[in-house]
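I opened this one to look at how the helices cross and where the aromatic rings end up. These are my notes, in the order I looked things up.

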Amino acid sequence: MDRDEDHTIPAAAADRVGHGGNDGGEPVFNLAPAVTGIGLVCIAIYAVEAFWLNLDQQLWLMLHFAFLPIRYTGPFALDFSALISPVTYSLLHGSWGHLLVNLIWLAAFGSPLANRIGTMRFLLFWIAGALSAVALHFVLYPSSVVPLVGASGSISAMMGAAARFAFRVDRRAPKPAFTGPVLPVSVVLRSRMVLVFLGVWMVVNLATGVFSGTTIDGPQIAWEAHIGGFLLGFFGVRAFDRRHAAPQYPEDN
């Protein structure tokens, strides 16, 4: 029933996020409060769904809080669910495995970003990533009746933002965060490590999108939503950054 989102990224990129090229004693999962809060909300929602809700109640949850493109193009009145579901879908998940994978990448990419931009900006960034993800999904599938759930759109936005910092994390700081200025696109695209990350990330998303849902009861991967979120983070992170240090490179974005 669900069209789950999922992620796979290069191990080298994950390792770079964990260490940022700096020596420091901070643990990898030194989570920012905003990341911890969002993770606990996602766990609580899915636990209630899995352990306490019957099938009818689960269907009600999906109908009201998952993103359904047909809600906006079909013969339905726009209600409160139509207003909130483009964001609330990001807190729902299709399975424990789906939830676990998203929590891992949320910890790896979300915590250094939240420590960099602050809690309020991070929550706004989460919302913007979720909206960008469903926007592209809606453009491609405006009449789909398959519910879209998962945090992967927002997490993809965090991955896009991480690329603009070239995955540099200051692990010596009390709260490890992405460090340095938001790099111009021209500089980022000259980084071999960033290019490898972008290439592998795109290939994996395309491959999972093509091959998902090809078996009976197999999950569908909303790879288009991942791209929508990623583009928001890659091109829009500067708008959320609270640091105004003079850039070290010519501006081009």
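I started with helix 7 and helix 8, whose crossing is right-handed. The contact draws on Phe 122, Phe 125, Trp 126, Gly 129, Ala 130 and Ala 133 from helix 7. On the helix 8 side I found Gly 153, Ser 154, Ala 157, Met 158 and Ala 161. This is a predicted model, so I read every value here as computed from it.

Then I checked helix 7 against helix 11. Their axes are 7 Å apart and the packing angle is about 140 degrees. This crossing is right-handed. Is the pair roughly antiparallel or oblique? Roughly antiparallel needs an angle over 145 degrees, so helix 7 and helix 11 go down as oblique to each other.

I listed who meets whom there. Helix 7 brings Arg 121, Leu 124, Phe 125, Ala 128, Gly 129, Ser 132, Ala 133, Leu 136, His 137 and Leu 140. Helix 11 answers with Glu 224, Ala 225, Ile 227, Gly 228, Gly 229, Leu 232, Gly 233, Val 237 and Phe 240. I had already written down Phe 125, Gly 129 and Ala 133 for the contact with helix 8, and here they are again in the list for helix 11.

**Aromatic rings**

I asked for ring pairs and got 15 aromatic pairs in the structure. I looked at Trp 60 and Phe 65, an edge-to-face pair with 5.8 Å between centres and 70 degrees between planes. Trp 60 has 47% relative accessibility, so I logged Trp 60 as partly exposed. Phe 65, at 26%, is partly exposed too.

Then I went to Phe 125 and Phe 240, which are edge-to-face with centres 5.2 Å apart and planes at 85 degrees. What does this pair tie together? Phe 125 belongs to helix 7 (residues 119-140) and Phe 240 to helix 11 (residues 223-240), so the pair links parts 115 residues apart in sequence. I checked burial as well: Phe 125 is buried at 0% relative accessibility, and Phe 240 is buried at 16%, since the cut-off is under 20%.

I also noted one aromatic cluster, made up of Tyr 46, Phe 51, Trp 52 and Trp 96.

Ala 166 has phi near 55 degrees, and Phe 167 has a positive phi of about 60 degrees. Where do they sit? I placed Ala 166 in the loop between helix 8 and strand 3 (169-170), and Phe 167 is found in the loop between helix 8 and strand 3. Are they buried or exposed? Ala 166 is buried with 15% relative accessible area, and Phe 167 is buried with 0%.

I checked Trp 105, in helix 6 (residues 96-117). Trp 105 is buried, with a relative accessible area of 14%. How many residues separate Trp 105 and Ser 152 in sequence? I counted 47 along the sequence, against 8.8 Å from C-alpha to C-alpha.

I did this for Val 41 in helix 2 (residues 33-51). Val 41 is partly exposed at 38% relative accessibility. Leu 92 is 51 residues from Val 41 along the chain, and their C-alpha atoms are separated by 9.4 Å.

**Whole chain**

I finished with the totals. I have eleven helices and four strands for the protein. Buried residues come to 49% of its 253 residues. Taking contacts between residues at least 6 apart in sequence, I find that 80% join residues at least 24 apart.

Definitions and conventions
Residues are numbered from 1 along each chain as its sequence is written. This is a predicted model: local features need pLDDT of at least 70, side-chain atom pairs count only at pLDDT 80 or more; totals for chains, interfaces and linings use all residues. Side-chain values use heavy atoms; hydrogens and water are left out. Rings of Phe, Tyr and Trp (its six-membered ring) pair if their centres lie within 6.5 Å; planes under 30 degrees apart count as stacked, over 60 as edge-to-face and the rest as tilted. Buried means under 20% relative accessible area, exposed over 50%, partly exposed in between (1.4 Å probe, protein chains only). Helices (H or I, at least four residues) and strands (E, at least two) are DSSP runs, numbered from the N terminus. A crossing is left-handed if the near helix is turned anticlockwise from the far one by less than a right angle, and right-handed if clockwise. Contact means heavy atoms within 4.5 Å. Axes are lines fitted to C-alpha atoms, for helices over the stretch in contact, and angles run from 0 to 180 degrees between N-to-C directions. Angles under 35 degrees count as roughly parallel, over 145 as roughly antiparallel, 65 to 115 as roughly perpendicular and the rest as oblique.
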